[in-house]
Structures are given as structure tokens and as C-alpha cells.
Amino acid sequence: MNSLNSLNNLEDKKFVSFITAGDPSIEKTKEFIAVLAQDSHIIEIGLPFSDPIAEGDVIQAANIRALQGGTTTDAVFEMLEGVDFPRMVILTYANPVFVYGYERFFTRCEKCGVYGVIIPDLPFEERGEVEEFAKKHGIHLITLIAPTSAQRVRTLAKNATGFIYLVSSMGVTGTREKLEIDLTGIIAQIREVSDVPIYIGFGISTPEQAEKMRKIADGIIVGSAFVKIIEKHGENSASHIREFMKEMI
């Protein structure tokens, strides 16, 4: 069983990487995970879904490619069962988890050794039932905190486990030329009530942005930039992923 321990107890390279499962294929996803595992502290795997409302055009397109290629939730779980990496996190949405069945979903997560699950469209006030199943199977239900969280920052942070996904900017995922929102105030509020590691994501795509965010948080999350590489190079993406990773760490 995957114990609910803190990332504070683990050696940290301060890098979380993200790719969409099944893009361009399940077999290639497994290969890309092996590349990312060389320097990622956490690897976030997106379950393809037809309506990923938190995602920008790049990841939405990856979801469509994966679904058109026949990727299913079962296929993703079967692939992850063959992956030897201790801190995999699944990103999905409330509807796929509900349809799959909470008990069945988190049982499969536990079997795969999944560390945590992110459900962006699950309201904090309605997470109780899902969290019950997650805890039963030793899985962290990862908390997202956005600049719009304002008055709820402390409440969200108090209940966070695993790590906190701090959203760097307004809107959906995607690379950005500038990250202009000052997150230091939000981080200060979080630190008043929690010592759970804070990872900043949404829009980080250059070494300069990465370095800036690392200075104020425990680490960074990079997603759309990797997905764009896969969109461009398809099955031949492994070496390009590795090259970009070296630049970002």
C-alpha cells in the first residue's frame, strides 16, 4: 500500500513533469515516463478525457489524440502497473472517476503505486466522499490553490496532503511568455498553516521562469511544454524530452 507520507521526507529535485497518457500511444507514454523519471521528483500523468476544462489548447489536443488512438482508463492503469517509479500522480476529472467508480478507481491507483490524484473540477466542499476512498487506499487527493482562492487559501492549505499545486496564473494550462502574478503573499498564507511542499504550475516553460519560481516555492510543475514537444515530434520525442529536461533542471 502506498503510505500517506510527506514529500518533505524525500530527496527532492524540485521538478514535477506532466504528459498525457496515450499521446501518441500507450507504449510511447511508458517510454517517455522512463525518460522523465531520470530527473523528475514527481511525474504527473493525465488521463485523457473529452472535456478537460482546466486545460489549454495544447493539452486538450493531446487528450483528443489519445482518445482517438483508443486510449482508455483501463489501458492507462495497465501501463502504469509496469512502471517502477514511486511518485506518480494522476490528473483526471470528477466525471471519469465517478463513472469508473470510486472504489474501483482508487483500488487500481493503489495497485499501480500511484502517489496522488489531482481532480481540478472537484469543489473543496464536495471532496469528502472521494477523499474517503483515496485515504482508504493510501492515495493523496492533491489540493489546488489558485490566485482566485483568496479568502479560502488557509482553509485549503490546512487540509492539503502530499503537496500543494499552486496555480501560477489565471485561466487554463499552457505555456506563457510572462508569469506576472505575485505569488509570495499566497505562499506566506499557506506557510502560516501548513508545511506541505508547494509546487507551482501553469505556464512554466523556460529555464528563467523555472528559476524564478523555484526561489519562492519547493518546486515547479511543467506540463504543456512537454506536451508540445510530443505534439511536434510524436513517437520520436524521447530525446527531445530529455534535452528540454536538462535545460529546465
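Me: What is the phi of glycine 138, which follows H6?

Reply: This is a predicted model, in which local features need pLDDT of at least 70, side-chain atom pairs count only at pLDDT 80 or more, and totals for chains, interfaces and linings use all residues. Residues are numbered from 1 along each chain as its sequence is written, and side-chain values use heavy atoms, with hydrogens and water left out. Helices (DSSP runs of H or I, at least four residues) and strands (runs of E, at least two) are numbered from the N terminus. After H6 comes glycine 138, and its phi is positive, near 75°.

Me: Why do the buried residues of H6 line one face of the helix?

Reply: Helix H6 spans residues 128-136, and Val130, Glu131 and Ala134 are buried in it; buried means under 20% relative accessible area, exposed over 50%, and partly exposed in between (1.4 Å probe, protein chains only). An α-helix has 3.6 residues a turn, so residues three or four places apart point the same way. The arc is taken from the directions from the helix axis to the C-beta atoms. The buried residues of H6 line one face because, viewed down the axis, they fall within an arc of 95°.

Me: Which exposed residues does H6 carry on the face turned away from its buried side?

Reply: The buried residues of H6 are covered by elements including H5 and strand S5 (140-141), where contact means heavy atoms within 4.5 Å. The face turned away from the buried side carries the exposed residues Glu132 and Lys136.

Me: How many residues apart are phenylalanine 77 and phenylalanine 105?

Reply: The structure holds 11 aromatic pairs; rings of Phe, Tyr and Trp (its six-membered ring) pair if their centres lie within 6.5 Å, with planes under 30 degrees apart counted as stacked, over 60 as edge-to-face and the rest as tilted. Phenylalanine 77 and phenylalanine 105 form an edge-to-face pair, 5.5 Å centre to centre with 70° between the planes. This pair links distant parts of the chain, helix H3 (residues 73-80) and helix H5 (residues 102-112), its two members being apart by 28 residues.

Me: Which ring does the charged end of arginine 104 sit over?

Reply: Ring pairs link Phe77, Tyr100, Phe105 and Phe106 into a cluster. A charge sits over a ring if NZ of Lys or CZ of Arg is within 6 Å of the ring centre and within 35 degrees of the ring normal. The charged end of arginine 104 lies 3.8 Å from the centre of the ring it sits over, that of tyrosine 100.
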